Amino acid sequence: KQDEKKGVLREFKKGDIFFNYGCLPRTWEDPTFVHPDAEGCRGDNDPVDVCEIGSKIVKTGEIRPVKILGILCMIDEGEADWKVVAIDAEDKWAPFLNDIDDVAKQLPGTLDAIREWFRTYKIPDGKPPNVFGLDEKFMDKHYALEIIKECNHAWKDLITGEKERQLEQCNDEVKGLVRRLSKSNLVDLSAVEDDEQPSF
């Protein structure tokens, strides 16, 4: 299903993306949580986004195993929107890329191009350029895995109802930050065993 925003199918007026763009399942950027490195911004209420930089075009909806390489903290309209950089585990470049510094060395210009795409992609819609936390730096694999683990924990709290129980202590403004999942999503997500760990 194509992504929607405010009931309208999403399309990028800027043009095609030169990398495969998807998300990590079983993750959630908690809109009630402010990460200390996110310029005081809350999570964007979505799964963690992934920029896969391999040599092949991945079909829409296809699930692929990836190697995590690093992460960029984008600030999108006042929300923290982490962008994981990864490569398909079966890509020809995968043996040569193990951390974010390898991308800079082996595929020069790739990281700058990713950052600039996200900086400018909303300008055709009349919006200002996006900004970035952490001095616009791509953080390494270790840092990226910590963010992913945090967001996996947040996802578990969401689908088990723990987050809802926590929100009972919060005011209406904070409660309103967490949108409801559809019943079908809850059924799909709840089918996962609670003790099943994602592999990183």
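This is a predicted model: local features need pLDDT of at least 70, side-chain atom pairs count only at pLDDT 80 or more; totals for chains, interfaces and linings use all residues.

Entry 1: How many salt bridges does the structure hold? I found 11. As a reminder to myself, side chains of opposite charge can pair when their charged atoms come close.

**Entry 2: Lys 163 and Asp 30.** I looked up this pair and found their side chains joined in a salt bridge, at 2.7 Å from N to O. Lys 163 sits in helix H4 (residues 162-167), while Asp 30 belongs to the loop between strand S3 (20-24) and strand S4 (42-43), so the bridge ties together parts 133 residues apart in sequence. Are the two partners buried or exposed? Lys 163 is buried, because its relative accessible area is 8% and the cut-off for buried is under 20%. Asp 30 is buried too, at 12% relative accessibility.

**Entry 3: Glu 77 and Lys 122.** Next I checked Glu 77, whose side chain meets that of Lys 122 in a salt bridge of 2.9 Å, N to O. Glu 77 is in the loop between strand S6 (66-76) and strand S7 (79-88), and Lys 122 is in the loop between helix H2 (110-120) and strand S8 (131-132), so this pair links parts that are 45 residues apart in sequence. I noted that Glu 77 counts as exposed at 51% relative accessibility, whereas Lys 122 is buried at 5%.

**Entry 4: Glu 136 and Arg 119.** Here the closest N and O atoms of the salt bridge are 2.8 Å apart. Glu 136 lies in the loop between S8 and helix H3 (141-160) and Arg 119 in helix H2, so parts 17 residues apart in sequence are tied together. Glu 136 is partly exposed, with 28% relative accessible area, and Arg 119 is buried, with 18%.

**Entry 5: Ile 75.** I then turned to Ile 75, which is found in strand S6. Ile 75 counts as buried, at 8% relative accessibility. Leaving out residues up to four places away in sequence, I listed what Ile 75 touches: Ala 38, Glu 39, Cys 41, Ala 80, Asn 130, Val 131, Phe 132 and Gly 133.

Notes. Residues are numbered from 1 along each chain as its sequence is written. Side-chain values use heavy atoms; hydrogens and water are left out. A salt bridge is a side-chain nitrogen of Lys or Arg within 4 Å of a carboxyl oxygen of Asp or Glu. Helices (H or I, at least four residues) and strands (E, at least two) are DSSP runs, numbered from the N terminus. Buried means under 20% relative accessible area, exposed over 50%, partly exposed in between (1.4 Å probe, protein chains only). Contact means heavy atoms within 4.5 Å.
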